[in-house]
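Hi,

Here is the structure I said I would pass on. Have a look, and then read on for what turned up in it.

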Amino acid sequence: MGILDKIVDFKRKRYANMVRTTCSSCGSGLKVNGKSIVNSNTTLKDNVNFNGMTIQGNGKVKIGSNFHSGIECMMITDFHNYEGDAIPYDSTVISKEITIEDNVWIGNRVIILGGSHIKEGAIIQAGSVVVGEIDKYAIAGGHPAKEFKKRNIQHYEKLKKERKFH
């Protein structure tokens with residue numbers, strides 16, 4: 001192993017340790033290939049893969065097993081209160097939960113806003129903004145992200161049954 005490989009390996013271990021010690025719970029097989037920041041209300045199941053994730057805010061974030069993210073992704077759980085006693089917003093912070101079920105893959109530079117729920121097996125296209133709910137097996141993209149295709153459900157279920165997870 002060359003010096004550059006050792007540096008990359010050291011960084012990955014350090015990033016994973018930072019995530020593991022900050023989140024409220026973490027399953028087995030965590031991989032963190034790029035600098036990632038989570039909040040203390042984040043729960044991670046097994047085989048979560050971050051390639052550069054920032055979870056901003058104090059809201060709960062639940063991430064299921066076999067989650068994969070692209071680079072420079074962000075989850076934002078907190079919002080300013082624009083209906084309060086000041087303009088453009090007051091000092092109240094509104095936190096909303098984010099739920100991501102098992103086997104979800106999000107592309108590079110995806111933003112997921114509080115109140116979002118991405119269901120099992122969904123894929124989110126790079127550069128998308130998720131607001132609200134993405135259905136099971138959906139392939140979604142855009143601003144806001146909308147489903148434009150479904151995965152091959154029979155193929156997905158076959159691989160899931162055979163436990164062929166990346």
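Before the rest, some housekeeping. This is a predicted model, with local features needing pLDDT of at least 70 and side-chain atom pairs counting only at pLDDT 80 or more, while totals for chains, interfaces and linings use all residues. Residues are numbered from 1 along each chain as its sequence is written, and side-chain values use heavy atoms, with hydrogens and water left out.

H2 also matters for the pocket: residues 153-161 make up this helix, and four of them give the largest share of the lining of the largest pocket. (A pocket is an open set of points on a 1 Å grid over the protein atoms alone, where a 1.4 Å probe fits, with protein on both sides within 12 Å along at least five of seven lines; lining residues have an atom within 4 Å of a point.) In total 14 residues line the largest pocket, and Asn-103, Arg-151, Tyr-156, Lys-164 and His-166 lie nearest its centre. Its volume is about 350 Å³, taken as the space filled by probe spheres set on the points, which are joined across faces, edges and corners.

Next, the sheet. Four strands form an open sheet in the order E5-E8-E13-E16, with parallel pairing; strands pair if DSSP finds at least two bridges between them. E5 (53-56) and E16 (129-130) are the edge strands, each pairing on one side only. Four bridges link E5 to E8 (residues 73-76) in the parallel sense, and Met-74 in E8 is the bridge partner of Thr-54.

Then the inside. The largest nonpolar core has 31 residues, and Phe-50, Ile-63, Phe-67 and Met-75 touch the most other members. (Such a core is a set of buried Ala, Val, Leu, Ile, Met, Phe, Trp, Tyr and Cys residues joined through side-chain atoms within 4.5 Å.) H1 gives the most to this core, with three residues.

Last, Ala-140 sits in strand E18. Ala-140 counts as buried because its relative accessibility is 0%, the cut-off being under 20% relative accessible area with a 1.4 Å probe and protein chains only.

Cheers

Note on methods:
Helices (H or I, at least four residues) and strands (E, at least two) are DSSP runs, numbered from the N terminus. Buried means under 20% relative accessible area, exposed over 50%, partly exposed in between (1.4 Å probe, protein chains only).
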